[in-house]
Amino acid sequence: MSKKKVNLYFPPEKVNEPITYHLVKDYGLLFNILRAVVEEKGGRLLIEVEGRPAQISEGLAYIRSRGVEVKELNEYVDKDLSRCTNCGMCVSICPADAIEMDRETWEVIFHQSKCIACGLCVSSCPPQAMKLKI
Ligand code: SF4
Ligand code: SF4
């Protein structure tokens with residue numbers, strides 16, 4: 001089994017179609033919705049899909065065939081080291097334990113692989129060192 005995080009961009013006319021439901025029903029995949037945004041220009045869904053690699057590829061190909069743009073993501077947040085003051089404000093906010101304080105150096109460390117792109121650190125960082133890439 002493997003996991004993949006992908007961003008799905010739905011055009012307005014596709015927002016209400018149960019397209020992702022087919023990932024479970026027809027391709028045997030599991031998925032978690034990490035972030036969902038619906039705007040006038042369409043919808044954006046960040047999901048984590050779990051299944052066999054071939055199933056994931058087939059499932060995502062199906063999503064594309066339905067007119068939904070699929071972008072695989074490995075990184076969601078950028079930390080600008082030149083802006084970060086290591087104030088520590090983001091450490092307790094992060095629900096995924098993706099940010100921690102090194103107790104020896106008092107440096108704030110960001111673990112990209114744990115990040116679920118919730119955006120909480122982005123909105124709470126005083127010098128705007130954390131930036132969402134999705
Ligand atoms: S809130 Fe911003 S400045 Fe403070 S430690 Fe986190 S990233 Fe650095
Ligand atoms: S975006 Fe959310 S999960 Fe990712 S580092 Fe920031 S607070 Fe943590």
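Before you start: residues are numbered from 1 along each chain as its sequence is written, and chains are lettered from A and ligands numbered from 1 in the order in which they are written. Because this is a prediction, local features need pLDDT of at least 70 and side-chain atom pairs pLDDT 80 or more, while totals for chains, interfaces and linings use all residues; side-chain values use heavy atoms, with hydrogens and water left out.

**Exercise 1. Describe the fold and its domains.**

Step 1: Count the elements. You'll find four helices and eight strands in the protein chain; helices are DSSP runs of H or I with at least four residues, strands are runs of E with at least two, and both are numbered from the N terminus.

Step 2: Read along the sequence. The order is β-α-β-β-α-β-β-α-β-β-α-β.

Step 3: Domain 1 covers 2-72 and domain 2 covers 77-132, with bounds that come from an automatic or database domain assignment. Their C-alpha centres sit 28 Å apart.

**Exercise 2. Work out how domain 1 and domain 2 meet.**

Step 1: List the contacts (heavy atoms within 4.5 Å). Four residues of domain 1 touch seven residues of domain 2.

Step 2: Get the buried area, meaning the accessible area (1.4 Å probe) that two parts lose on being put together, summed over both. The two domains bury about 360 Å², 45% of it on carbon and sulfur atoms. On the domain 1 side, K5, L34 and R35 supply 87% of the area buried against domain 2.

Step 3: Look for salt bridges, where a side-chain nitrogen of Lys or Arg lies within 4 Å of a carboxyl oxygen of Asp or Glu. Across this interface there are zero. Elsewhere, R66 pairs with E17, and their closest N and O atoms are 2.6 Å apart. R66 is in the loop between helix 2 (53-65) and strand 4 (69-72), and E17 is in the loop between strand 1 (2-10) and helix 1 (21-25), 49 residues apart.

**Exercise 3. Compare the surroundings of the two ligands.**

Step 1: Collect the residues with a heavy atom within 4 Å of each ligand. Ligand 1 has 13, with C84, C87, G88, C90 and C125 the closest. Ligand 2 has 13, with C94, C115, C118, G119 and C121 the closest.

Step 2: Sort them by type. Ala, Val, Leu, Ile, Met, Phe, Trp, Tyr, Cys and Pro count as nonpolar, Asp, Glu, Lys and Arg as charged, and the others, Gly among them, as polar. Around ligand 1 that gives ten nonpolar, three polar and no charged.
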